[in-house]
Amino acid sequence: MRACEACGHIEALHTAPAVGVGTACISNKQGHPVLKGQEQCWCPRFANTVPEAFEAILEKGNRAALERGVRWALELGDSGMSSQLLSQLIISNPSGLDHEWLREIRSRIAALSGSGTIQASTQMSKSAKRSGLRPKSKTEQKRESTIFGAIKAGYTGPDYCRELDRQRLPVPQQWIDQGCPPTYETAYMRGSSSPSGRPWAKYIQDEKYRYRKSYDALTPAKRDEIIAKNARRTRP
Ligand SMILES: [Zn+2]
Ligand SMILES: [Zn+2]
């Protein structure tokens, strides 16, 4: 059972044709199905990926969703998306936004989009290190080539997780230290019956989104070269 990346509600609630609301989410905020006349979730359509989630939030997100999106895009180092969402938040809530919060967010966006490593957040300088200031470790290389392979093959959701498990890609140690289950598929599904949703699914989608950005920046030949490294290692 997949949950929407934009609103966190399960897929079935986005597609129930009997209710006649197309693919818009029909769930209320607690994640329970609603009957006619009750409050509907703002979400316009099921989002299976992080970019789709940002699109949905930009289009229809309520204040809470937009605020969450702004911070989420910042965490992912996507200053462009963060400032788009922030503009939308300001347009749809012209008064009542916290000035302190706005100031902090604006300076973080400026730092991210500014001149690279000096102003960037710790997270960005970590990823700058990953991407070339020091050689990638074996584990990092394995992660990159496995995830690139799964992206190239078009895997999403639980299929994506199963593919990473099949390639014996370990879940990042930092996640396990925080209580994450040891395989991608179990991590992805953990919490699916709880109203607060699946905490690790977000980590997995965020990780995929970061790799997707570097994948998109490479030529097809370079992508294949990186993917081939993993194929060589896993050959029996
Ligand atoms: Zn929803
Ligand atoms: Zn949704």
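With 10 C-beta neighbours inside 10 Å, Ser193 counts as exposed. The model is predicted. Work through the tasks below with the structure open.

**Exercise 1. Where does Ser193 lie in the chain, and is Ser193 buried or exposed?**

Solution. 
- Step 1: Find the element. Ser193 sits in the loop between α11 (184-189) and α12.
- Step 2: Count neighbours. Ser193 has 10 C-beta neighbours inside 10 Å.
- Step 3: Apply the cut-off. A residue is exposed if that count is 12 or fewer. Ser193 is therefore exposed.
- Step 4: Look across the chain. Ile10 is 183 residues away from Ser193 in sequence, yet their C-alpha atoms are 9.8 Å apart in space.

**Exercise 2. How many helices and strands does the protein chain have, and what share of its residues is buried?**

Solution. 
- Step 1: Count the elements. The chain has 13 helices and zero strands.
- Step 2: Take the residues. The chain has 236 of them, and 30% are buried.
- Step 3: Turn to contacts with a separation of 6 or more. Of these, 44% join residues 24 or more positions apart.

**Exercise 3. Which residues of α4 are buried, and which are exposed?**

Solution. 
- Step 1: Check the length. α4 (residues 79-92) has 14 residues and reaches 20 Å between its end C-alpha atoms, close to the 20 Å expected.
- Step 2: List the buried residues. They are Met81, Ser82, Leu85, Leu86 and Leu89.
- Step 3: Look down the axis. The buried residues of α4 fall within an arc of 135°, so they line one face.
- Step 4: Recall the helix rule. An α-helix has 3.6 residues a turn, so residues three or four places apart point the same way.
- Step 5: Turn to the other side. Gly80, Ile90 and Ile91 are exposed there.
- Step 6: Find the cover. The buried residues of α4 are covered by elements including α2 (50-60), α3 (63-75) and α5 (99-113).

**Exercise 4. Within what arc do the buried residues of α5 fall?**

Solution. 
- Step 1: Check the length. α5 has 15 residues and reaches 21 Å from first C-alpha to last, close to the 21 Å expected.
- Step 2: Pick out the buried residues. These are Ile105, Ile109 and Leu112.
- Step 3: The buried residues of α5 fall within 65°, so they line one face of the helix.
- Step 4: Go to the other side. His99, Glu100, Arg103, Glu104, Ser107 and Ala110 are exposed.

**Exercise 5. At roughly what angle do the axes of α8 and α12 cross, and which residues make the contact?**

Solution. 
- Step 1: Take the geometry. The axes of α8 (residues 138-152) and α12 (residues 199-216) come within 10 Å and cross at roughly 85°.
- Step 2: Name the arrangement. That angle makes α8 roughly perpendicular to α12.
- Step 3: List the contact. α8 gives Glu144, Ile147, Phe148 and Ile151, while α12 gives Lys208, Tyr211, Arg212 and Tyr215.
- Step 4: Sort by class. The contact has five nonpolar, no polar and three charged residues.
- Step 5: Check burial in α8. Buried residues there include Glu144, Ile147 and Phe148.

Key. Residues numbered from 1 in each chain as written. Chains lettered and ligands numbered in written order. Predicted model: local features only at pLDDT ≥ 70, side-chain atom pairs only at ≥ 80, totals over all residues. Helix = DSSP H or I, 4+ residues; strand = E, 2+ residues; numbered from the N terminus. Expected span 1.5 Å × (residues − 1). Buried ≥ 20, exposed ≤ 12 C-beta atoms within 10 Å, placed from the backbone. Arc of directions from axis to C-beta. Contact = placed C-beta atoms within 7 Å. Axes fitted to C-alpha atoms, helices over the stretch in contact; angles between N-to-C directions. Parallel < 35°, antiparallel > 145°, perpendicular 65-115°, else oblique. Nonpolar A, V, L, I, M, F, W, Y, C, P; charged D, E, K, R; others polar.
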